[in-house]
Amino acid sequence: HIQHVSIRPGATFFLPDTDGVKIHENVRPLANEPVFQKHYPNAFRDTSLLAHLRGADALRLVICGMMTHMCVDATVRAAFDHGFECMVAGDACATKALVHEGRTVAAPDVHAAFLAALSGTYATVLTTANIIAQLSL
């Protein structure tokens with residue numbers, strides 16, 4: 001589990017000691033599951049995540065979360081660069097609309113574009129149900 005805590009000046013969300021930094025009840029870690037706090041979109045940057053995964057002899061990662069265009073994208077690309085096989089649960093990720101040069105790009109389009117960019121080279125993008133089925137083999 002990765003928890004984003006913002007330390008960026010001017011940040012308006014993921015602020016320490018606020019509701020925005022809390023892990024949602026639906027994905028609350030079990031007692032034996034570690035939680036890594038991060039301050040950047042890439043979950044490997046300035047965290048002990050890589051050392052933990054190497055220590056556990058992990059080869060494949062299943063990645064999901066918020067936001068597809070930021071943390072999911074940055075973490076998947078970094079994981080790939082570190083040699084991990086990545087699976088992204090596309091239906092367990094979400095993002096928001098973005099504005100570029102005065103044009104609003106709807107959240108579903110941002111989400112689809114980033115998953116499409118990750119799919120193939122950086123990760124296998126599947127539904128949660130398909131990932132569970134594959135891991136159950």
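Predicted model: local features only at pLDDT ≥ 70, side-chain atom pairs only at ≥ 80, totals over all residues.
Buried here means under 20% relative accessible area.

**Helix α2 and its surroundings**

Helix α2 covers residues 68–81. Its 14 residues should span 20 Å at 1.5 Å a residue, and the end C-alpha atoms sit 18 Å apart, which agrees. The buried residues of α2 are Thr68, His69, Cys71, Val72, Asp73, Thr75, Val76, Ala78 and Ala79. What covers them includes helix α3 plus the strands in this table.

| Strand | Residues |
|---|---|
| β1 | 2–4 |
| β2 | 36–38 |
| β3 | 60–66 |
| β4 | 85–94 |
| β5 | 98–100 |

Just after α2, Gly83 takes a positive phi of about 95 degrees.

**Packing against α3**

How do you describe a pair of packed helices? You use the angle between their axes and the distance between the axes. For α2 and α3 (residues 107–118), the axes come within 10 Å and cross at roughly 5 degrees. That angle makes α2 roughly parallel to α3. On the α2 side, the contact is made by Thr68, His69, Val72, Asp73, Val76 and Arg77. Their partners in α3 are Val110, His111, Phe114, Leu115, Ala117 and Leu118. By type, the residues of this contact divide into seven nonpolar, three polar and two charged.

**Past the end of α3**

Ser119 lies in the loop between α3 and β7 (124–126). Is Ser119 buried, partly exposed or exposed? Ser119 counts as partly exposed because its relative accessibility is 38%. Asp19 is 100 residues away from Ser119 along the chain, and their C-alpha atoms are separated by 32 Å.

Notes. Residues numbered from 1 in each chain as written. Heavy atoms only, no water. Axes fitted to C-alpha atoms, helices over the stretch in contact; angles between N-to-C directions. Helix = DSSP H or I, 4+ residues; strand = E, 2+ residues; numbered from the N terminus. Parallel < 35°, antiparallel > 145°, perpendicular 65-115°, else oblique. Contact = heavy atoms within 4.5 Å. Nonpolar A, V, L, I, M, F, W, Y, C, P; charged D, E, K, R; others polar. Buried < 20%, exposed > 50% of the residue type's maximum accessible area, 1.4 Å probe, protein only. Expected span 1.5 Å × (residues − 1).
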